Structures are given as C-alpha cells and as structure tokens.
Amino acid sequence: MDTAKNSEGKTSIKPLSIAGSGATTAATGDVEQQITGQYNNLGWKRLTVILIVEAVALGALSLPHAFHTLGMVAGVLLTVIVGFIAIYTSYIVGRVKVVYPEVSHYTDVGKLLFGKAGYEIFGFMFVMQLILLVGGHCLTGAIAMVNITGGGICSLWFGAMSTVVLLLLAVPPSFAELAVLGYIDFISIVLAIGITIIATGAQASQAEGGLAAVEWSAWPKPDLTFSQTFVAISNIVLSYAFAVCQITFMDEMHTPKDFIKSTWTLGIVQIVIYTLTGSLIYAFVGPHVQSPAILSAGGVISKIAFGVALPVIFISGSINTTVTAKYIYSRICKSTDSRKIQNLRGWTTWLILITTITIVAWVLAETIPFFSNLLSLCSSLFISGFTLYFPPVMWFKLLRRGPWHSRENILLSIVNVFVFVLGVVMLFGGTYSSISEIASQYASGSVREPFTCIAAPAH
C-alpha cells in the first residue's frame with residue numbers, strides 16, 4: 001500500500017491532508033476541489049442540526065429513571081463528565097475525518113486501524129448499533145401511540161405503524177434534505193421535555209406536602225444491584241452516542257474542518273438538556289419516575305407530551321436508518337454516490353435496503369420490548385466502542401505526533417488510556433448487566449412476552 005506523511009506527521013493511506021496550519025496550499029486546493037466534486041453542501045450549522053436530531057432523542061427520555069437508580073449526585077456528575085468525554089472523543093473522530101478525508105463512514109476508520117478485519121468488525125458493529133437504535137424508536141413510537149389513544153388497539157399494530165412512518169422518512173438519501181426536519185425535531189424534543197418537567201413540577205407542588213414531600217434521594221437507591229447500576233450508566237452513555245454517525249455526516253460538509261464548532265455546540269446543548277431533564281423530573285416525581293420519562297406526567301399531559309414528541313421519535317429514528325443504508329449501499333454499489341441516486345436500479349436498491357433495515361429493527365424492538373434495557377444493551381455492546389474505547393486508539397495510531405511519553409503528549413496519553421479503560425469496562429460490565437436484567441425480567445414475568453398484543457407496552 002502506498003503511503004505518505006500527512007500534515008500531522010502520521011502515515012496516511014493517501015497523501016492528502018487538510019489538518020492544521022502545516023497543510024500546504026496545494027493540498028488544500030486539492031481537497032477543496034475533491035469536496036466540491038463530491039456534492040458536499042452541509043455547513044457546520046446544518047451539521048449541528050443533524051447531530052442534534054441524531055443525539056438529543058431517546059437517551060434524554062431514559063435519564064430521570066437513571067438518576068433515580070444512581071441518586072441525584074451521581075446522576076448529575078456522570079451526565080456532565082460523560083458529556084465532556086463525548087465532546088473530546090467526538091473531536092478525535094472529527095480530526096480523523098479531516099486528516100484522512102478519504103474515510104466516508106466510521107467503518108473506514110476500522111480499516112485504517114486494523115486493515116480488512118477492522119473494516120468488517122467496525123462495519124458489523126456500526127450496522128447493529130444503528131439498527132438497535134431504530135428498534136428503540138419503533139418501540140417508543142408504539143408506546144407513544146398506545147398512550148395517546150388509550151390502548152384501544154393492539155400494540156403490535158402501533159409498532160407496525162411506527163415502522164411504516166420510520167421507513168417513509170428514511171426515503172431521502174441526502175442528509176441536507178433532512179436538515180429542515182431537524183429544526184422540527186429539536187423543537188419537538190425540547191417541548192416534550194418541557195411539558196413533562198412543568199407538568200410533573202405542578203403535580204408535585206399541588207400534592208400534599210408540596211415539593212418537599214417528594215422522596216427523591218441524593219444517593220443511590222436502596223438495595224442497588226450491580227446490573228441496575230450498569231444499566232443506568234449505560235443509558236447515560238447512550239445519550240451521547242452521536243460519534244458513530246459523525247463521519248458519515250461530515251462526508252457531506254463543504255468545509256469539514258469546521259466540525260469542531262458543531263461538536264462543542266452539540267456537546268454543551270446536550271449537557272444542559274440532559275442535566276436539567278434528569279434532575280428536575282426526578283426531583284418532581286421521585287422513586288416513581290418511569291422510563292421513558294414522559295410516562296411520569298400521567299393522564300392527559302402524558303398524551304400531549306407524547307404527541308409533541310412524535311416528530312423526534314420518528315425523524316431521529318429515520319436518520320439512523322438512512323446512515324445504515326448509506327453504508328450498506330456504498331458497499332453494494334461502489335461506483336455510485338448514495339446522495340445522487342437517479343436511476344431505477346439505484347432507487348430499487350435503496351428502497352429495499354431501508355425497508356429491510358426497518359423491518360429488522362421492528363423485530364428486535366418486539367423481541368426486547370422494554371425501553372431502558374433495549375437502550376442499555378445497544379449502549380454497552382456498541383456505543384461503548386464508538387464513543388469511548390475506539391477514539392483513544394485513533395489518537396494513538398492516527399493522530400499522535402511523537403512518543404506517547406513526550407512532554408507534549410503525556411497528559412493526552414493518560415486521558416486516552418483512561419477513556420479506553422472506561423469504554424472496555426462499559427462493554428463487559430454493561431453487556432452482562434443488560435442481559436442479566438432482561439433475563440431477570442422475563443423470568444419474573446414483569447414484562448410482556450415478545451410479539452404479544454397488550455394494552456400498553458412494558459417500559
């Protein structure tokens with residue numbers, strides 16, 4: 001394989017780099033010409049919108065219950081700490097895309113790191129994570145529809161309806177075409193969370209004893225198990241799971257180096273929204289808080305909040321379908337750009353892909369029909385890698401300049417080792433805990449059986 005030194009001093013597959021001030025004018029011109037030729041039209045503001053649509057969704061609805069499990073102190077601290085870790089690892093992922101502009105998906109980084117085997121492993125994890133996330137949106141859509149209608153129709157039908165909506169919204173192959181929906185999506189989740197916070201706060205203040213009577217705790221709940229702890233932590237990690245799609249989104253940017261503006265904007269927005277959502281709803285509801293959190297509002301307010309949340313449930317879910325399909329399409333039709341599908345064969349392939357992905361996601365949602373544990377399993381198996389333990393490896397192998405123990409690198413080396421270890425702990429501890437909790441709930445009969453028709457899906 002031909003290699004050359006890039007502007008970061010590292011070996012690249014291609015002698016093309018736009019990283020840092022060391023990039024030459026000629027190289028920059030070549031990159032700009034390449035980007036223009038690739039039909040890239042996303043700026044950093046539109047990228048931020050797309051990332052917010054991808055990131056601020058289901059994870060926010062699981063946080064109040066996680067706060068109840070871990071206690072207010074640990075919940076707030078972990079939400080903020082994991083948020084800044086996610087900003088840092090997202091920065092690493094973005095820098096890899098800038099330094100190695102030939103990568104189009106996170107899976108391409110696997111090839112840079114570990115060759116063909118890495119590409120295939122990353123590809124499998126990439127597809128499975130996104131399909132599980134789409135499944136989470138299918139399940140949440142069904143829960144929302146059951147609560148809005150009062151459960152008069154079999155929940156399986158609501159799941160099927162959610163699947164159809166997710167499929168239709170995934171038809172446009174370009175992210176730029178989804179940017180307008182992104183604004184609706186963001187307003188949707190903010191309003192849904194706001195309605196839930198205001199409603200639960202009003203209910204608590206009007207109850208006997210007022211807000212002071214709410215039995216929330218600063219410390220973990222009594223008799224907390226190992227599995228419950230890791231499921232709660234995994235749900236917090238899931239909330240910051242935008243890194244896996246970041247390279248795919250950046251591939252449509254006209255100025256990829258501007259990604260850092262999007263990363264910081266999204267990161268701060270997430271930390272603020274998640275901390276307020278988890279702490280306030282838990283403080284207003286106490287130990288009876290449910291997951292997804294909108295259920296905690298109860299009655300008519302819950303119906304209204306779910307109605308307002310429908311756009312974020314379906315738009316965010318459909319973007320995961322689109323990202324998955326773009327990756328698979330790029331492997332099937334290597335000579336065709338998935339953003340410019342024009343002929344019958346291309347559209348047929350695209351529609352078959354998004355249909356298959358959405359159906360598989362629905363099957364998974366019905367197989368694991370409870371919200372927190374489905375999200376926790378996804379977080380532990382895959383997001384622990386894409387958000388935590390893979391980015392440090394990227395820094396050591398693709399971005400680092402000079403020895404790891406040099407004066408300019410020693411602090412970052414320590415940080416990256418810490419993040420890597422944290423990710424590995426989440427992988428094994430979180431996966432074990434998620435499977436253990438799923439098996440335990442099935443054994444106790446506290447959740448519905450797969451593919452059964454009941455009035456309200458388990459959560």
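**Close-up views of a predicted model**

View 1. Asp 223 lies in the loop that runs between helix H7 (179-206) and H8. The phi angle of Asp 223 is near 60°, a positive value in a residue other than glycine. Is Asp 223 buried or exposed? Asp 223 counts as exposed because its relative accessibility is 74%, and the cut-off for exposed is over 50%.

**View 2. H8 meets H14.** Helix H8 covers residues 226-238 and helix H14 covers residues 410-444. Their axes come within 8 Å and cross at roughly 115°, and the crossing is left-handed. On the H8 side, the residues taking part are Phe 226, Ser 227, Gln 228, Phe 230, Val 231, Ile 233, Ser 234 and Val 237. They meet Val 425, Met 426, Gly 429, Gly 430, Tyr 432, Ser 433, Ser 434, Ser 436 and Glu 437 of H14. Sorted by class, that contact has 8 nonpolar, 8 polar and 1 charged residues. As a reminder when tracing the two faces, an α-helix has 3.6 residues a turn, so residues three or four places apart point the same way.

View 3. Still in helix H14, we come to Ser 413. With a relative accessible area of 2%, Ser 413 is buried. Which residues does Ser 413 touch, leaving aside those up to four places away in sequence? They are Trp 395, Phe 396 and Trp 404. Take Trp 395: Ser 413 is 18 residues from Trp 395 in sequence, and their C-alpha atoms are 8.7 Å apart in space.

**View 4. H9 is mostly covered.** Here 8 of the 8 residues of H9 are buried. Reading along the helix, they are Ala 243, Val 244, Cys 245, Gln 246, Ile 247, Thr 248, Phe 249 and Met 250. Cys 245 has 0% relative accessibility, so Cys 245 counts as buried.

View 5. Gln 246 is part of helix H9, residues 243-250. Why does Gln 246 count as buried? Because its relative accessible area is 1%, and buried means under 20%. Skipping residues up to four places away in sequence, Gln 246 touches Ser 90, Val 93, Gly 94, Phe 259 and Thr 263.

View 6. Where is Pro 292? Look in the loop between helix H10 (259-285) and helix H11 (299-332).

**View 7. Cys 333, and the disulfide count.** Cys 333 counts as buried, because its relative accessibility is 13% and the cut-off is under 20%. How many disulfides are there? The count comes to 0.

**View 8. Stepping back to the whole chain.** The protein chain has 14 helices and 2 strands. Of its 459 residues, 57% count as buried. Take the contacts between residues at least 6 apart in sequence: 83% of them join residues at least 24 apart. The accessible surface of the protein chain comes to about 18100 Å², with 68% of that belonging to carbon and sulfur atoms.

Key:
Residues numbered from 1 in each chain as written. Predicted model: local features only at pLDDT ≥ 70, side-chain atom pairs only at ≥ 80, totals over all residues. Heavy atoms only, no water. Helix = DSSP H or I, 4+ residues; strand = E, 2+ residues; numbered from the N terminus. Buried < 20%, exposed > 50% of the residue type's maximum accessible area, 1.4 Å probe, protein only. Contact = heavy atoms within 4.5 Å. Axes fitted to C-alpha atoms, helices over the stretch in contact; angles between N-to-C directions. Left-handed = near helix turned anticlockwise from the far one by under 90°. Nonpolar A, V, L, I, M, F, W, Y, C, P; charged D, E, K, R; others polar. Areas by Shrake-Rupley, 256 points an atom, 1.4 Å probe, with all protein chains shown as cover. Disulfide = S-S within 2.5 Å.
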